[in-house]
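The walk below goes from the overall fold down to a couple of side chains.

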Amino acid sequence: MKKNKIFIACDTVNISKIKKIIKETKNSKLSVGYKFGLEFLNSKNGRNFLSKLKNEIIFADLKLHDIPNTCVSAIKAITDLKINYLTIHISSGIHALKAAKKVSDKIKLIGVTILTSLDNKGLKEIGFNMDIKKLVLHQARLASKAKLDAVVCSAKEVKLVKKVFKKEIITPGIRMGKKITEDQKRVLTPKQAYDNGSDWLVIGRPITKGNVKKNIQKLVDHLNQ
Ligand code: C5P
């Protein structure tokens, strides 16, 4: 049977905690990759740790959002690390996406749509009047036009995105129950996300907070229900 794929969001600067997360999330039922974001990549020891991490699927969540030249330079500057996936905000614009894709080489370039921490109200507050679903669909079309390798969206939009984007779909904003969503707004459960067609889930706090081993087992049990 095909294993469910998840990226664990390693959102800490604590190297021993990261080592523990990597060790305790290994599970024969899951295919696990590790996502390192702004917190870790900006930390003193983070980059050094990543340069030595071998035989893991590594996702650098840089979330580039800049002019084409700066996006290109940032990608070139990270190629010494053996990373598999890298993010860029689709709202950087089609020229930045195409330029980034040109230099990303073997790294899979992921286009980030509207953050899962935003709902329609939050989107209006920053001046976007389009409905989230329409905007995500529009951005997925741009990702397809720029030949990106993957798209990040909420699991709620996967079916929609699949209509226009045919490669990998990665979904954060995953919560086992509806009660604790923290700063996330557009959330679904792991099962709902896979049922909708997500290729990869991104899960951070629901796995890394508390007992990591127990949390992983809880996830596996939930998927087997
Ligand atoms: O702890 P939690 O499961 O909410 O973590 C989600 C992770 O996914 C965080 O590292 C966050 O930066 C990232 N992410 C997200 N929403 C996006 C893109 C990335 O939550 N749209």
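This is a predicted model: local features need pLDDT of at least 70, side-chain atom pairs count only at pLDDT 80 or more; totals for chains, interfaces and linings use all residues.

Residues are numbered from 1 along each chain as its sequence is written, and side-chain values use heavy atoms, with hydrogens and water left out.

Start with the sheet: 8 strands form a closed barrel in the order S1-S2-S3-S4-S5-S6-S7-S8, with parallel pairing. Neighbouring strands in this sheet are turned by 25° against each other on average, direction ignored. Strands here are DSSP E runs of at least two residues, and helices are H or I runs of at least four, both numbered from the N terminus; two strands pair if DSSP finds at least two bridges between them.

Zoom in on S5 (residues 108-112) and S6 (residues 150-152), which run parallel and are joined by 3 bridges. Val112 has Val152 as its bridge partner in S6.

Now for Thr171, which sits in strand S7 (residues 168-171). Thr171 is buried, at 0% relative accessible area (buried means under 20%, with a 1.4 Å probe and protein chains only). Leaving aside neighbours within four places in sequence, its contacts (heavy atoms within 4.5 Å) include Cys153, Val158, Ser198 and Trp200.

Over in helix H7 (residues 132-145) you'll find Leu137, also buried, at 17% relative accessibility. Leaving aside neighbours within four places in sequence, Leu137 is in contact with Leu160 and Val164.

Methods:
Buried means under 20% relative accessible area, exposed over 50%, partly exposed in between (1.4 Å probe, protein chains only). Axes are lines fitted to C-alpha atoms, for helices over the stretch in contact, and angles run from 0 to 180 degrees between N-to-C directions.
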